Amino acid sequence: MKVRVEESVCQGHTLCALAAPEVFALRDEDGHAYVIVDQLSPNLEVQARKAAAGCPERAILIDE
Amino acid sequence: MADSKQMPDNRVVVDFNQHTPEYRAEFPQVGHAIREACPVAWSPNNGGYWVVTGHDQLTELAKRHDLVSNHRDSDGTKPGYDGISIPSREGAYAGFLEMDPPELLDYRKVLNPFLSPAAVKMWAPLIEDVNRACIDDVIESGRVDFVDDIANITPAVLTMAMLGLPLADWVVYCEPAHAQVYTPPTSPDFERVIQGSMAMAARLAECVAEIRVDPKPGMIKALVDAEFSGRRLPDEGIIGTCALLIGGGFDTTTSLLAASLDWLDTRPAERQRLLHEEGLIDTATEEFVRYFTPAQGGGRTITQDCEVAGFEFKQLDRVFLSYALCNHDPAVFPDPDEILLDRWPNRHAAFGMGVHRCIGSNLARMGFKIMLTQILERMPDYRIQGDGVVQYESIGVINGYQHVPATFTPGRRLGAGVEEALVDWQGRIDVGEVWS
């Protein structure tokens, strides 16, 4: 499974970093999210899915 | 109903007005009735406008800033573009919240670095200390008005600090900033309130001029200094932005805190959970923001005949994106009228959606958590005096309170009061200790 943030859609709601702090970080300049891990362990996959479900803008894309 | 296309000639007409006492008494129920009729319905009130109560429809509309405009015509070049207020109004211009991209993006680029999750952390010590001082001023008496004594003060002082204005001036802006959102447009007092809002803008214009001469660090200085390929931001935009940041900074976190304390009044077990369950304050903050939706929604103008989210709109139609009513849409939030402190997912629209996402959201969250935690720790047995609670007369702009009096078992002071704390922080700011 791969996870990414669609940069043009993210508006910096920051909820992904709340749900999955080990998968997403927030940019210093505007709080928009980016992915900080290459390989997702099963535990991080759960976190990432939780974040995707909670993104108000639907900016988190998961490729199975 | 939600999937059917509504042509203008068979639009679903509803009797909706977000400024009425009926709306104030039970806005979620008002929303359910309208959403069931149609998630994008037409109200003939306030000059006629679409009211959006469906979360999916709102999300789609908010993303289409090319078709759904925030612009306010301040110079007669775009008649019919009435900005974010419904009904349209005179008074202070709401800065970049009444602009569209690309103009809007210049302002956000300047201000985002002050308001990102990383940047706002530098203000935690000021928030903690000023809020501590607010509590100390009342802790020995056993009586507090959560709005007048705490929630009005801490966010306002913080806003002054971040703008680069004298901290003591929070008092000058406090009454006009709150009155301009809680006075319904039909009130006999509305004209006076608009005058107050204009006077505030005039004072801010003087402050901006002073900062050009004596450049104190802060968001005003950053706006004044900003340059985009040799082009400066216009004064009108800077002054409107200051008014916006004061309105947004003063009134929203205040309202959220007052509403949350009111809800927690009869729930001692929830107070304990918030203090002791790890991470609960984070999801609870999102849930309080969703449930109460301090900034209830925003007006927009349709830029051309178009179809969005399955609905047809005509050029210059006015639209009210109701964040509050969409936040109670049962299709997205199971049991929408219950507060579930650990609710997840919680894709609420309380900070807006799309390019206008509340620029102060990170500051709001942090400030709210600090203020709430301190109150729950130091006034653990508070009880609100119900007959003294005064809700805003209109909650159509901000879902807030003017007064929330309470009693509690008196406690011990921890330090100086607000007056002394502000002198102390002003001193630290003036010698350059605070801005990093």
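Reader: Leaving aside its neighbours within four places in sequence, with which residues is B:Val157 in contact?

Author: This is a predicted model, in which local features need pLDDT of at least 70, side-chain atom pairs count only at pLDDT 80 or more, and totals for chains, interfaces and linings use all residues. Residues are numbered from 1 along each chain as its sequence is written, while chains are lettered from A and ligands numbered from 1 in the order in which they are written.

Beyond four places in sequence, B:Val157 is in contact with B:Val130, B:Leu167, B:Trp170 and B:Leu422; two residues are in contact if their C-beta atoms, placed from the backbone, lie within 7 Å. B:Val157 is one of the buried residues of α8(B), together with others including B:Ile153, B:Pro155 and B:Met160. A residue is buried if 20 or more other C-beta atoms lie within 10 Å of its own, exposed if 12 or fewer, and partly exposed in between. Helices (H or I, at least four residues) and strands (E, at least two) are DSSP runs, numbered from the N terminus. Since 11 of the 11 residues of helix α8 (residues 153-163) of chain B are buried, this helix is largely enclosed by the rest of the structure. After α8(B) comes B:Gly164, with a positive phi near 95°.

B:Val157 also belongs to the largest nonpolar core, which has 123 residues; B:Val52, B:Phe146 and B:Val157 touch the most other members. Helix α12 (residues 235-264) of chain B gives the most to this core, 14 residues. Such a core is a set of buried Ala, Val, Leu, Ile, Met, Phe, Trp, Tyr and Cys residues joined through C-beta atoms within 7 Å. In soluble globular proteins, nonpolar side chains tend to be buried together. Another core, of 19 residues, lies apart from the largest one and has A:Leu15, A:Leu26, A:Leu40 and A:Ile60 among its members.

B:Val52 stands opposite B:Leu321 in β10(B), and 3 bridges join strand β2 (residues 49-52) of chain B to β10(B) in a parallel arrangement. Two strands pair if DSSP finds at least two bridges between them. Strand β7 (residues 297-302) of chain B is joined to β10(B) by 5 bridges and runs antiparallel to it; here B:Thr301 has B:Arg318 as its bridge partner. Strand β10 (residues 318-322) of chain B is mostly covered, with 5 of its 5 residues buried. B:Arg318, B:Phe320 and B:Ser322 point one way from β10(B), whereas B:Val319 and B:Leu321 point the other way.

B:Asp106 lies in helix α4 (residues 103-115) of chain B and counts as partly exposed because it has 19 C-beta neighbours inside 10 Å. Residues up to four places away in sequence not being counted, B:Asp106 touches B:Phe228 and B:Leu233. The C-alpha atoms of B:Asp106 and B:Gly164 are separated by 20 Å.

As to confidence, chain B averages a pLDDT of 95, and 98% of the residues score at least 70; pLDDT is the predictor's confidence in each residue, from 0 to 100. Over residues 1-5 of chain B, however, the pLDDT is below 50. For the complex, the predictor gives an ipTM of 0.98 and a pTM of 0.96.
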